[in-house]
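Hi,

Here is the structure I promised to pass on. Have a look, and then read on for what turned up.

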Amino acid sequence: MRVLALPEAEVPGELKLQVAELQDQAWPGPPAPSTVPVHDPALRPLSMLLLDGDRVVAALDVLSKQLAHAGRTYAASGLSGVVTDRARRGWGHGRHLVSAARAAVRESGADLALFTCDRGLQGFYESAGWEPLPGTVLVGGTPEEPFPSDGAGFDKVTMAGFFSGHAVRHRADFPGSRIALHPGEIDRLW
Ligand SMILES: CC(C)(COP(=O)(O)OP(=O)(O)OC[C@H]1O[C@@H](n2cnc3c(N)ncnc32)[C@H](O)[C@@H]1OP(=O)(O)O)[C@@H](O)C(=O)NCCC(=O)NCCS
């Protein structure tokens, strides 16, 4: 097993197709699996793949942007599209990859990472080192068309990692807050 990390646009077509098939298992529906990039290039998408030989076992993308919160700015990243091949779930592959992603974001120089997950997956992410932010809402979408993580039908938890001294010093600004992440119209809530 090895982790391959590449900008989304540089992932070889055969691997990209396998990732799309895993995502289609988890989130079926159009468009059909294809090799076309799915993320907003402005978010500098980094694909991380857990490979068993040339088979993609699990995949995710790290997205990044500048974030303004409580009067300060941060280099922020988040996880998107975390998925393990349905035939290989429950073997620790997902934890392996989201743990590797935490290390990669920390080493990238980002101040912090923030993302949301369904409440039932909080323990999965905690087991890989991520921490929950009680009561925190990520506001996705755009300022004109916000897409908050506490919207109707959602039961989501915000997970975080605080890496730089700047982020660690101001971490008290994050629990219980509404964070205007606004990743845009393509990755509405990363
Ligand atoms: C979530 C997902 C990526 C986990 O991958 P995985 O490879 O099966 O996870 P692991 O085997 O590393 O599991 C690690 C731990 O998390 C737990 N866990 C895994 N999936 C879980 C789920 N769906 N609900 C609750 N707990 C889960 C496991 O039981 C395990 O705990 P344990 O060590 O106490 O047994 C996988 O279930 C998946 O692809 N789901 C569909 C897509 C999805 O929901 N992605 C998350 C988007 S936020």
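First, the ground rules. This is a predicted model, where local features need pLDDT of at least 70 and side-chain atom pairs count only at pLDDT 80 or more, while totals for chains, interfaces and linings use all residues. Residues are numbered from 1 along each chain as its sequence is written.

Let's start with the ligand. There are 18 residues around it, and Thr-84, Arg-89, Gly-94, Arg-95 and Phe-124 come nearest (a residue is near a molecule if its C-beta atom, placed from the backbone, lies within 6 Å of it). Two or more residues of that shell come from each of strand E4 (72–84), helix H2 (93–108) and helix H3 (122–126); helices (H or I, at least four residues) and strands (E, at least two) are DSSP runs, numbered from the N terminus. By type, the shell splits into eight nonpolar, eight polar and two charged residues. Here Ala, Val, Leu, Ile, Met, Phe, Trp, Tyr, Cys and Pro count as nonpolar, Asp, Glu, Lys and Arg as charged, and the others, Gly among them, as polar.

Now for H2. Gly-94, Leu-97, Val-98, Ala-101, Arg-102 and Val-105 are buried in H2, with buried meaning 20 or more other C-beta atoms within 10 Å of a residue's own, exposed 12 or fewer, and C-beta atoms placed from the backbone. Those buried residues fall within an arc of 145 degrees seen down the axis, so they line one face of H2; the arc is that of the directions from the helix axis to the C-beta atoms. Just after H2, Gly-109 has a positive phi of about 95 degrees.

What about helix H1 (residues 13–26)? Which of its residues are buried? They are Lys-16, Gln-18, Val-19 and Leu-22, and they cover an arc of only 160 degrees, which puts them on the same side of H1. The face turned away from that buried side carries the exposed residues Gly-13 and Glu-14.

Last, the strands. An open sheet of three runs in the order E8-E7-E10, with mixed pairing (two strands pair if DSSP finds at least two bridges between them). Strand E8 (146–148) and strand E10 (178–180) are the edges, each pairing on one side only. Strand E7 (residues 137–141) pairs with E8 in the antiparallel sense over three bridges, and Gly-140 stands opposite Phe-147 in E8.

Cheers
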